[in-house]
Amino acid sequence: MPLARLIPCLDVANGRVVKGVSFSTLRDVGDPVELAQLYSDGGADELVFLDIAATPERAATTVGLVARVADVLTIPFTVGGGVRTLADASRVIESGADRVSLNSRAVADPSLIDAVARRYGTQAVVVAIDALDGVVYTHGGREATGASVVPWAVEATERGAGEILLTSIRHDGHRRGYDLELIGAVRDAVSTPVIASGGAGSAHDVAEALRVCDAALVASIVHDSPGELERLREEIEKLGVALRPRRRRDG
Amino acid sequence: MKVVIVDYGAGNTRSVVAALAHLGHEGVVTSNPDAIVDAPAVVLPGVGSARSAMVHLKTTGAAGALRERTANRSLTLGICLGMQLATDHSEEDGGVAGLALISGDVVRLTRGRVPRLGWAFVEALGDAFYFAHSYVVRSPHAVAWSDDVVAAVSVDGFVGVQFHPEKSGPAGLDFLARCLSPA
C-alpha cells in the first residue's frame, strides 16, 4: 500500500494565495509558485490549489497559474474551484495539473465525473464533498443539497472519481481534530482512497486521521509558515505513521 | 540533449517537459514519426485511456516509429500508461491491443485501494516514487517491483516505469537523469 500522504491546501484568488480572516476579508499571503516550492521543499507529498474566487471570466488566470506551478513543481498537484465542464478540466490538466477536484458542479451534473474520468483516467478525478450532519453541501458549504454523504461518495466513485476529498464543515477551521467517524464511514463504503479534511490542530490529529484513511489535507495548521510542515511530518512519524522519507537531490 | 515526448492527445506532457528542463534537457512534444525515430531519447508519457491513446498513436504513425526504435535498441522511456501501452495487450477499455514493444500484458489491480495513489517504495531503486494507476503490467522483462506491482521493465532500449518520475521530487529527477545518461 502506498504511504500516507500529507497534502497542504492553498486557497487562491485572482492568481494569489489568500487566507480568509473572516468571511469577507481575504489577506494576500503570497505567490502560489513560491509557496508551492516552499511546501514541496518542506516535504509535501502533493498540493491542492483551490480557486475560491473562480468565475468563468477569470478562467484564464487559473490556467496561467497552473502552467507556472507545473513548470517548477516536481510533485503532483490538484486544482479545484471553477471546474464546470470537461473543457475546463482539459484546460487545467493540459496546463500541467495532475488532477482536478470537482465539487458543486459534480452534484448538479454527476455525468461530469464520468466525462473527465473517461478522458483522463480515474486517477485524475477527485470529488470533493463538503459534509454537515451527513448531508452534502455545495457552493463553499453554503447550500444544503438533498444528497446524503455516504451514498453520494459511492455514486461519485462508481462514476469514476479516483479519490474522495472529504471535508467536515463542522470541524473545518476549529483545529480540534478531524471527524474520524465520518471519514471512517465514507472510506468503508468506497473502494478508492479518501483524503480527510477539516480540523487539523496538531500532529496527533493528523496521525489519527491517517490511521483511518489514506491522506490528510492540512491548511491553517501549516499556513503560518511552510517550515512548520517539516516539523509536523517529524511529529507524525514519531507517532508511528510512516510517511515518505525526505531526501534532497544529490549534487 | 533533445528529448522527444510523444504526443498522443491526452497526456500531461507539460510536467515531463518541466522535469527534463530541471535536468538541462530540452523536451520536444510531437507525434511526428521521423522525429520519434531519430531522437536520441524518447519519452512515451502516461495520462489518458489506453484505447484513445492507441488510436492516436496509430493514426499519426507514432506507433510504427516506436517499434522501429526498439528494433534499433534506441532509448525509449514509457511512463505509467506509456509503459502499459508498450505491452501486447491491455484489459483497459474492454481490451486493447498494445504496441507490442515488450512481451507482457496489462490487468486491472485487484488488491488494495484502486486507483493505487501515492508514494511507494521501489526496493530495487532504493527510494519512494509517486504512483497513480488502476492497471498493472505483467511481463517477463520486469526488473523492479513495489508492493508486488511491477514498477519497472527493461529490454532492448525500452525502459518502462509504472511510477511518475516527473512527479517524484528529487528521487524522480535522479531516476530520469540516470535513465537518460547513456543516450
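Predicted model: local features only at pLDDT ≥ 70, side-chain atom pairs only at ≥ 80, totals over all residues.
Me: Is the crossing of α8(A) and α10(A) left-handed or right-handed, and how many nonpolar residues does the contact have?
Reply: The crossing is right-handed. From α8(A) come A:A203, A:V206, A:A207 and A:L210, and from α10(A) come A:L232, A:E235 and A:I236. One residue of the contact is charged and no residue is polar. The nonpolar count is six.

Me: How do α3(A) and α5(A) lie, parallel or oblique?
Reply: Helix α3 (residues 86-94) of chain A and helix α5 (residues 111-120) of chain A have axes that come within 10 Å and cross at roughly 40°. That angle makes α3(A) oblique to α5(A). The crossing is right-handed. On orientation, then, the word is oblique.

Me: Which residues of α5(A) make the contact with α3(A)?
Reply: The α3(A) side supplies A:L86, A:A89, A:S90, A:I93 and A:E94. By class, the contact has seven nonpolar, one polar and two charged residues. The α5(A) side supplies A:L112, A:A115, A:V116, A:R119 and A:Y120.

Me: Which residues of α6(A) does α5(A) meet?
Reply: The axes of α5(A) and helix α6 (residues 149-159) of chain A come within 8 Å and cross at roughly 35°. This crossing is right-handed. A:S111, A:I113, A:D114 and A:A117 stand on the α5(A) side. They meet A:W152, A:A156 and A:R159.

Me: How far apart in sequence are the parts that A:R16 and A:D28 tie together?
Reply: The side chains of A:R16 and A:D28 meet in a salt bridge at 2.9 Å, N to O. A:R16 lies in strand β2 (residues 16-20) of chain A, and A:D28 in strand β3 (residues 26-30) of chain A. The pair therefore ties together parts that are 12 residues apart.

Me: How many salt bridges are there between chain B and chain A?
Reply: Side chains of opposite charge can pair when their charged atoms come close. B:K167 and A:D98 meet in a salt bridge at 3.0 Å, N to O. Over all chains, the structure holds 21 salt bridges. Between chain B and chain A the count is two.

Me: What area is buried between chain B and chain A?
Reply: The size of an interface is often given as the accessible area lost when the parts come together. Here 36 residues of chain B are in contact with 41 residues of chain A. Carbon and sulfur atoms give 52% of the buried area. The total is about 3200 Å².

Me: Is the peptide bond from B:V114 to B:P115 cis or trans?
Reply: Most peptide bonds are trans. B:P115 lies in the loop between β7 (105-108) and β8 (116-122) of chain B. Omega of the bond from B:V114 to B:P115 is near 0°. The bond is cis.

Me: What is phi of B:D93?
Reply: Most residues other than glycine have a negative phi. B:D93 lies in the loop between β5 (89-90) and β6 (96-97) of chain B. Its phi is positive, and B:D93 is a residue other than glycine. The value is near 55°.

Notes: Residues numbered from 1 in each chain as written. Chains lettered and ligands numbered in written order. Heavy atoms only, no water. Axes fitted to C-alpha atoms, helices over the stretch in contact; angles between N-to-C directions. Helix = DSSP H or I, 4+ residues; strand = E, 2+ residues; numbered from the N terminus. Parallel < 35°, antiparallel > 145°, perpendicular 65-115°, else oblique. Left-handed = near helix turned anticlockwise from the far one by under 90°. Contact = heavy atoms within 4.5 Å. Nonpolar A, V, L, I, M, F, W, Y, C, P; charged D, E, K, R; others polar. Buried area = accessible area lost by both parts, 1.4 Å probe. Salt bridge = Lys/Arg side-chain N within 4 Å of Asp/Glu carboxyl O.
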